Amino acid sequence: MSFTPVTNLDAASSVAQINQGRVPGLGRGPGSKNILQSPRVDKTLKILQCNINGISSQASRVKLDQLLYLAERLSAQIVALQETKLRKTTPLKVRGYSVFRTDRGDANGGGLALLIRDIKFRAIDIQADEDTGTEIQGISFVWRDRLIKVFNVYHPPNNKQLQANFNNITGENIIILGDLNAKHPMWGCATQNARGNELVNFVDDGGFIVLNDGSPTHSSYSYNTSEALDVSIISPDLQPLCNWSVLNNIGSDHRPILLEINRKQKSHVNQARFWNFSKANWDVYRLYSESLFTGEEKHDKLVEKWLAFKNNIIKSAKKVIPRGFVKRYVPFFEHNSLTLRPLLEKRNTLESTRNSTGIMTEEQRIQLNKVNAEIKRAYALSRRKKWEKLCGNLVPKTPDSRLWRIAKGLNREDIMSERTNTILDPAGYMTHNDKDAANALPTHYQKIGSLDFSETDRHTQRKARAVVHGCRTTDSKEVIFTKEFSLQELEQALSQMDWTKSPGPDGLHGRMIEHLGPVGRQSLLDIFNLSWRDGRLPRDWKRAIIIPIKKTRKGGWLTRKL
């Protein structure tokens, strides 16, 4: 996959241009500017895999809750799930993650899901093969200049062979995770079956490496046996960078596995800031800004006058308007509640009684099954109480915004599966960073917005340009083109402004303009008159923050679908 980024930064959105002419140290709240200012940290690539054995019911979601807690604690970017057992109409929304699902359809069982965050990815097109029962989904993304492909796989315990698409997986930077119900001593099973032999042949023919160290990953609650059914397979170029480990039980009969690629990539930490206008001392702001405008050097050029005006506003705002950091969303995991915590500790105690081969006594096995059932009941009851409390707090005075948020969360018409979370250029190639994405949008808009002119049209165009240029260089006899704006006209225009609107790339909030004193407003009026007289606008006035929004139920992030 290749993508050539556009080098014309003038054509890009404000995300690519924002550092030009910006005020140092400005913190104006959430936005692209703050993201670019945010510190960067080095992160390794971490992937959690788990056969979760069903999350279709509310009671079974306690397993996903625990797995997401592990992902949060370990800072994992990808969570690979097998046997989700979700139907196409069953919602799966996880805040902060893009969910890429491959459901089995109307049949029961099976199902795959990839939960992805902090990575720009795109789904790999894989033709489904219903004859063999093998389920495969894959994504590709760039990590430290490497195009990595991750495949999530599941095969039910039948006698059918792996599908041809699985055997066609080849190349470098490949990661294959999942449960194929394949048994072989190579990854720690006491026995071997036909599919295990088939998988060994696939590994040998493709030159892959199995990361399993022999630790059991599956424990049968019915037959009291433990074996290694979940496998992690990688291409040899990634093997020196990998760490592999089996984690504690989360209630499924399969244990989660952590795969870490020790190749660090810089990641932005968003420390968005905001102005706390409710605590601003506007009298001091007005007096301080007036002193700055009174003592500033006189400027005859539009650019210099605008930059001086902007600097005075920001300096005054920093002096008297408190600022704070937007609180980072910290998820609450239901299994950490006072009701469920003792049950989970009891289950962990029972799990620790397994011997070296993963076997426990019959009495311990029965107790473990009872505890797991009790955890599911307690989780479902806790969720039900939460819902009852939410509905009980809804009154006629409840804000419409809150009601809409609740309705949106219940909406099942949204797309259940995202095949990408980044903008695709017109050719369908994935943009790997914010700069490439910012450049892809104006390139697309320029292409669809360009018109083909005939010779007559070109003549008219040249004539119109000459007229416009003449208006700037020739004195007009029309009073309307020479008369300057008055302070009364400025006051009338400001009285009609909505001061609560979000600021643009210049970072000047409406409330900062609203509370300007007479000298400050006169300075603003001088800028308007100078711009009118010169026939030009400051660069900041020609910029905008562009936020692409996907069309409802369209899917995908192609530029033409935004």
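User: Which strands does α5 lie across, and at about what angle does α5 run to β12?
Analyst: This is a predicted model. In it, α5 lies across β8, β9 and β12 (230-234). Relative to β12, α5 runs at about 15 degrees.

User: What is the strand order in the open sheet?
Analyst: The order is β5-β6-β7-β8-β12-β9, an open sheet of 6 strands. The pairing is mixed.

User: Which strands stand at the edges?
Analyst: β5 (121-124) and β9 (209-210). Each has a single partner strand, so one side of each has no neighbour in the sheet.

User: And what holds paired strands together, in general?
Analyst: Strands of a sheet pair through backbone hydrogen bonds, in either a parallel or an antiparallel way.

User: In which sense do β6 and β7 pair, parallel or antiparallel, and over how many bridges?
Analyst: Antiparallel, over 9 bridges. β7 covers residues 146-154.

User: What is the bridge partner of V142 in β7?
Analyst: L147 is the partner.

User: How do the residues of the lining divide into nonpolar, polar and charged?
Analyst: The lining of the second largest pocket has 7 nonpolar, 10 polar and 10 charged residues.

User: Now single residues. Where does A190 lie?
Analyst: A190 is in the loop between β8 (174-179) and α5 (194-206).

User: Does A190 count as buried or exposed, and why?
Analyst: A190 counts as exposed because its relative accessibility is 80%, and the cut-off for exposed is over 50%.

User: What separates the C-alpha atoms of A190 and E227?
Analyst: A distance of 7.3 Å, with the two residues 37 apart along the chain.

User: What about Q82, which strand is the place of that one?
Analyst: Q82 is in β2, residues 78-82.

User: Buried or exposed, and why?
Analyst: Q82 counts as buried because its relative accessibility is 0%, where buried means under 20%.

User: And how far apart are the C-alpha atoms of Q82 and I52?
Analyst: They are separated by 6.1 Å, and the residues are 30 apart along the chain.

How values were computed:
Residues are numbered from 1 along each chain as its sequence is written. This is a predicted model: local features need pLDDT of at least 70, side-chain atom pairs count only at pLDDT 80 or more; totals for chains, interfaces and linings use all residues. Side-chain values use heavy atoms; hydrogens and water are left out. Ala, Val, Leu, Ile, Met, Phe, Trp, Tyr, Cys and Pro count as nonpolar, Asp, Glu, Lys and Arg as charged, and the others, Gly among them, as polar. Helices (H or I, at least four residues) and strands (E, at least two) are DSSP runs, numbered from the N terminus. Buried means under 20% relative accessible area, exposed over 50%, partly exposed in between (1.4 Å probe, protein chains only). Two strands pair if DSSP finds at least two bridges between them. Contact means heavy atoms within 4.5 Å. Axes are lines fitted to C-alpha atoms, for helices over the stretch in contact, and angles run from 0 to 180 degrees between N-to-C directions.
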